[in-house]
Amino acid sequence: MITLYDFPPSGNAYRARLFLNLLGLEYENSLIDLRSGQHKEEAYLKLNPLGQVPTLVDDGEVIRDSCAILIYLSDKYDSSGNWSGKTSQEKAHIQEWLSIAAREMMFGPARARAIKLFGRPFDMQEAQALAHHLFADVMEPHLKQNRWLAATRPTIADIASYAYVAVSDEGEVLLDNYPNIRRWLKDVEALPGFVPMVRANG
């Protein structure tokens, strides 16, 4: 049985939750309340010493980090290779986008959202500028030429990237000038099994 330790407003946790649903896998959703500090309690730290969400447990195997969970699930439960990449080129491009999801996405739109909604002590102007750089100079031109991020079909690159783009307005980063990103969001949302990102104030 798969258990996902989850905090619904977290974009990182959402990545795992979305992909589990897209794969049609049954799982137990165990909520961890970050606001009350449950992620720093001894019981959870034994499972994830970093005190972060998500954590996935599958038949005793513990996987920490949202991108690692995507890799694990796609490799174990999708024998077609559609999600994880079928060729060396696809696998490399997927890894490029997973790296962007772990760096630029977190320092840009995710951080702007964390400042606005959770009062995190970062520089809002810097975070918003990084978000617009990612959107204007990387994602928008790429998606003008390509329907998906890493292949001719959706992959875990799209799943890793979707969450914080979809709720970027919660960090006052608007997508008005990015029509191809908006089209891509709709394409992800049209996938069978899609579940929406939980908005922090909704």
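**Close-up views of a predicted model**

**View 1. Packing of helices α4 and α7.** In this predicted model, α4 and α7 pack at an angle of about 15°, with their axes 8 Å apart; axes are lines fitted to C-alpha atoms, for helices over the stretch in contact, and angles run from 0 to 180 degrees between N-to-C directions. That makes α4 roughly parallel to α7, a term for angles under 35 degrees, whereas those over 145 count as roughly antiparallel, 65 to 115 as roughly perpendicular and the rest as oblique. The crossing of α4 and α7 is left-handed, that is, the near helix is turned anticlockwise from the far one by less than a right angle. Where they meet, α4 contributes I94, W97, L98 and A101, and α7 contributes I156, A157, A160 and S161, contact meaning heavy atoms within 4.5 Å. Helices (H or I, at least four residues) and strands (E, at least two) are DSSP runs, numbered from the N terminus.

View 2. Four strands form an open sheet in the order β2-β1-β3-β4, with mixed pairing; two strands pair if DSSP finds at least two bridges between them. β2 (27–31) and β4 (61–64) are the edge strands, each pairing on one side only, and neighbouring strands are turned by 20° against each other on average, direction ignored. β1 and β3 (residues 55–58) run antiparallel and are joined by 4 bridges, and T3 has V57 in β3 as its bridge partner. α1 lies across β1, β2 and β3, running at about 150° to β1, while α3 lies across β1, β3 and β4, at about 25° to β3.

**View 3. The nonpolar cores.** The largest nonpolar core has 57 residues, and those with the most contacts inside it are M139, I181 and W184. Such a core is a set of buried Ala, Val, Leu, Ile, Met, Phe, Trp, Tyr and Cys residues joined through side-chain atoms within 4.5 Å, where buried means under 20% relative accessible area (1.4 Å probe, protein chains only). Among the elements that give two or more residues to this core are β1 (2–6), α1 (11–22) and α8 (179–189), and its largest share, 9 residues, comes from α7. Leaving aside its neighbours within four places in sequence, I181 is in contact with F135, M139, E140, L143, V165 and L175. A second, separate core of 7 residues includes I32, Y44, V53 and V57.

**Notes.** Residues are numbered from 1 along each chain as its sequence is written, and side-chain values use heavy atoms, with hydrogens and water left out. Local features need pLDDT of at least 70 and side-chain atom pairs count only at pLDDT 80 or more, whereas totals for chains, interfaces and linings use all residues.

Note on methods:
Buried < 20%, exposed > 50% of the residue type's maximum accessible area, 1.4 Å probe, protein only.
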